[in-house]
Amino acid sequence: MTPLRTRFLEDMQLHGYSPKTQACYVGAVCGLAKHYHKSPDLISEEELRRYFLHLTLEKKVARTTATIALCAIKFFFQHTLQRHWTCFKLLRPPKSKKLPVVLSKEEVQKILGCVHTPIYRVCLTTIYAGALRLNEGCCLQIADLDTARMLLRVGGKGNKERLVPLAQKTLDQLRQLWPSHRSPVWLFPAVTRHGFKHSVAHNAGPVHRSTVQRAFRRALQQSGVTKRAHVHSLRHSMATHLLEAKVNLRVIQNILGHATPTTTALYTHLTQQVRDSVVAPINELLTAL
């Protein structure tokens, strides 16, 4: 590890960034260095500007990828190298306004019913029941269960913890699953080719997010549901289903871990009641045509 990378990592640690964010930022800066085949501290402001044009116009990277690259490179140059260039005021990832994919209750049941491996099925069910992000669900620990108060402690983005309700059915499924692995730490230990016993004995960590994603994609295909859903759609779906059940928006905001109600309010446009309230007037207007 070079002194420059060590300094970069230390700066991020001082800012309280999570290991996952640090890895993403290092990867983004490495991408810049590989593009120009030289150390990033030798890159000029004009080269940096051209690099972001390359990402936007030639590679046409997704907005999230562009945002990570901008945040990482901006942090590296401004904090580690102390270069406050004017180009950082101009660089902005392209905006997009995509509505989340929401599954109906019946579609959720169909998909989860097609997940045949118990650990993946219970993990995905827990993600749906708690409206969790994928990584939040995969990294749940036994110590996060508060069975006395029926709550689940979740480590969210930016190291922000929150408590979400723990459904009795979810707890029952977790208790039924545990004898199959007997991990003293993880609710969903890593699945390896050597089996759970080897995984737990060698502290292989929690189940990997990519394996849960693959299990979901297989189940989606087998279920016959044609929506372009992914694991995060379970979180969107639960938020929408709670709104349809007339749960207070502020409560849903706390469950999701949103900083502002504005983000949570997006789901109000996706509920069945809102759609139904619009369909009738549209049908009435079209009868005259």
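This is a predicted model: local features need pLDDT of at least 70, side-chain atom pairs count only at pLDDT 80 or more; totals for chains, interfaces and linings use all residues.
For Cys 114, which is in no disulfide, the nearest cysteine sulfur belongs to Cys 123 and is 17 Å away.

Residues are numbered from 1 along each chain as its sequence is written. Local features need pLDDT of at least 70 and side-chain atom pairs count only at pLDDT 80 or more, whereas totals for chains, interfaces and linings use all residues, and side-chain values use heavy atoms, leaving out hydrogens and water.

Turning to the helices (DSSP runs of H or I, at least four residues, numbered from the N terminus), helix 4 covers residues 63–80. Its 18 residues reach 25 Å from first to last C-alpha, close to the expected 26 Å, a span given by 1.5 Å times one less than the number of residues. Among the buried residues of helix 4 are Ala 66, Leu 70, Ile 73, Phe 76 and Thr 80. Their cover includes helix 1 (3–14), helix 2, helix 3 (45–58) and helix 5 (87–90). Just after helix 4, Gln 82 takes a positive phi of about 60 degrees.

Gln 22 lies in helix 2 (residues 19–36) and is buried at 10% relative accessibility. Not counting residues up to four places away in sequence, Gln 22 touches Leu 9, Met 12, Gln 13 and Tyr 17, contact meaning heavy atoms within 4.5 Å.

Note on methods:
Helices (H or I, at least four residues) and strands (E, at least two) are DSSP runs, numbered from the N terminus. Buried means under 20% relative accessible area, exposed over 50%, partly exposed in between (1.4 Å probe, protein chains only). A disulfide is a pair of cysteine sulfur atoms within 2.5 Å.
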